[in-house]
Amino acid sequence: MTETLIGSLSNIPDLSVKARSTVFFYKGKEMSPKKLGEELNVQAVLLGRVTERGNDLNLNLELVNTSTQDVIWSRQYNRKTTDLVVLQGEIAQDVSSRLKTKLSGAEPTQLTKNYTSDPEAYRHYLQGRFYWNKRDAVNLKKAIEQFKAAADRDPNFALAFVGLADSYAVSQWWSDSDAKEALTKASEYADRALKIDDSLGEAYASRAYIDQYQWRWDKAEIGFRKAIDISPNYATAHKWYGEFLTTLERNDEAVVQYQKALELEPLSVITNYNFGSHYCLFTNTPELAIPYAKRIEELDDQFGGGPHLRSFIAFAQGRDSEAVEYAEKAVELTNGQVGWFRSQLGRTYAKTGQLAKARAMIVDMENNYKEKRRNGYQIALIYEALGDKDKAFEWLEKDLDSRSGTLAFFINTFVSLKSDPRYKDLLKRMGLPE
């Protein structure tokens, strides 16, 4: 119900609604509306309590002003559990009217839009999103299972196919599966979602995210802008657009998008990680990543992105042994399945003088590459750290020949190669600014 209301209320113009990952951080915590308002920078909170007896559902809601702690509006809803999906539209309209939001003729339809009439399909979808937000190989597999279950129950449930597209698209980062095969599946599911419902901002964001990893730069930018235009409160669209702008070295614009994503989803582990990574990788200001690393540790100390950022920060501050420990912990927490984390560990070994370990990492990753479980740029990064430019370019060429999607995102991090004519040639052949 929370997820559904967030989705509906986010369609109201000029109303900022915090995302699920942020809201659920407070689940079960005793906290006053005033304190919530201060921490989330919101003017009102919608508090709810649900009780279920057999097929009967009782929902009590209160909309509370966070400054005065006065109740703006309250209501009790008694329904059957089968009416759960339909109920969200009624509640969204009630809340919006109490907020005195002026709606255009089309907006009430957006508020009451039902993406599926099957409550069980919707339940599978929400469970899929829960796992998807975890961002690791095990949970991405669970997410795919849930999204498939949702799609099987309702083949016209476009959001289920968006979930499948997103799961396969991000798996190239968070698992050691065949990235090219995963991206192909993601593309098919995104197209399926748009075919079912071409009014979904989420579907356009998925399609654009995939397009950028297929090096379709113009198409991707058009898609991201359309997604944000349709769903301006969809944090993932802003975050992914930030990644896209980073790839094109439009860093100031990228920061604006990351900031918007964090405004909408301040307690998202992955958004904090991506913003922190931006400072570590692309602006050479890893000290600016410290608040994001701290926030990740507070939210989920088992997420590998936290120590991964800490490794960059420690190395920049001359704490080599800590940099190695953090890099090793990032790999350990992700069971070695995140190739980029393994690559960073190899680089850290090389930069701290542990050359034998760095070379052993290369051998291991080269074997993984043959099994389509690693990318060439990940190996090239270690060779660059060892000062072997020729081998670095050799592995970059392998990625270029296979059109490895993630190569474009990381090409700008090869700082020592930028003065070499071969580097500009790589950019040109990928269609990136030289």
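Strand β1 is hardly covered, with one buried residue among its ten; buried denotes under 20% relative accessible area, exposed over 50%, and partly exposed the range in between, with a 1.4 Å probe and protein chains only. The model is predicted, so local features need pLDDT of at least 70 and side-chain atom pairs count only at pLDDT 80 or more, while totals for chains, interfaces and linings use all residues. Residues are numbered from 1 along each chain as its sequence is written, and side-chain values use heavy atoms, without hydrogens or water.

**The sheet**

β1 belongs to an open sheet of three strands in the order β1-β2-β3, with antiparallel pairing. Strands (E, at least two residues) and helices (H or I, at least four) are DSSP runs numbered from the N terminus, and two strands pair if DSSP finds at least two bridges between them. β1 and β3 (71–80) stand at the edges with a single partner strand each, so one side of each has no neighbour in the sheet. From one strand to the next, the twist averages 10°.

Ten bridges join β1 to β2, and nine join β2 (residues 56–65) to β3. Within the latter pair, N60 has Q76 of β3 as its bridge partner. β1 and β2 form a hairpin with two residues between them, and G54 in the turn has a positive phi of about 60°.

R53 lies in β1 (residues 44–53) and stands opposite D56 in β2. R53 counts as exposed because its relative accessibility is 68%. The C-alpha atoms of R53 and K80 are 9.6 Å apart, although 27 residues separate the two along the chain.

**Helix α12**

Helix α12 (residues 235–247) has 13 residues and reaches 19 Å from its first C-alpha to its last, close to the 18 Å expected at 1.5 Å a residue; the expected span is 1.5 Å times one less than the number of residues. Of its 13 residues, 13 are buried, so α12 is largely enclosed by the rest of the structure. Just after α12, E249 takes a positive phi of about 60°.

**Cavities and a pocket**

The structure holds two cavities of 30 Å³ or more. On a 1 Å grid over the protein atoms alone, a cavity is a set of points where a 1.4 Å probe fits but cannot get out, a pocket is an open set with protein on both sides within 12 Å along at least five of seven lines, and lining residues have an atom within 4 Å of a point.

| Space | Volume | Lining by class |
|---|---|---|
| Largest cavity | about 220 Å³ | 14 nonpolar, two polar, three charged residues |
| Second largest cavity | about 40 Å³ | two nonpolar, four polar, three charged residues |
| Second largest pocket | about 680 Å³ | 13 nonpolar, 14 polar, seven charged residues |

The largest cavity is lined by 19 residues, of which W173, W174, E243, Y273 and N274 lie nearest its centre. α14 gives the most to this lining, with five residues.

The lining of the second largest cavity includes W132, R135, T236, K239 and E265. α12 and α14 each supply at least two of its lining residues.

Among the 34 residues lining the second largest pocket, E3, G7, Y125, E202 and Y234 are the closest to its centre. The largest share of that lining, five residues, comes from α1. α12 is also one of the elements that supply at least two residues to the lining of the second largest pocket.

Notes. Grid points are joined across faces, edges and corners, and a volume is the space filled by probe spheres set on the points. Ala, Val, Leu, Ile, Met, Phe, Trp, Tyr, Cys and Pro count as nonpolar, Asp, Glu, Lys and Arg as charged, and the others, Gly among them, as polar. Axes are lines fitted to C-alpha atoms, for helices over the stretch in contact, and angles run from 0 to 180 degrees between N-to-C directions.
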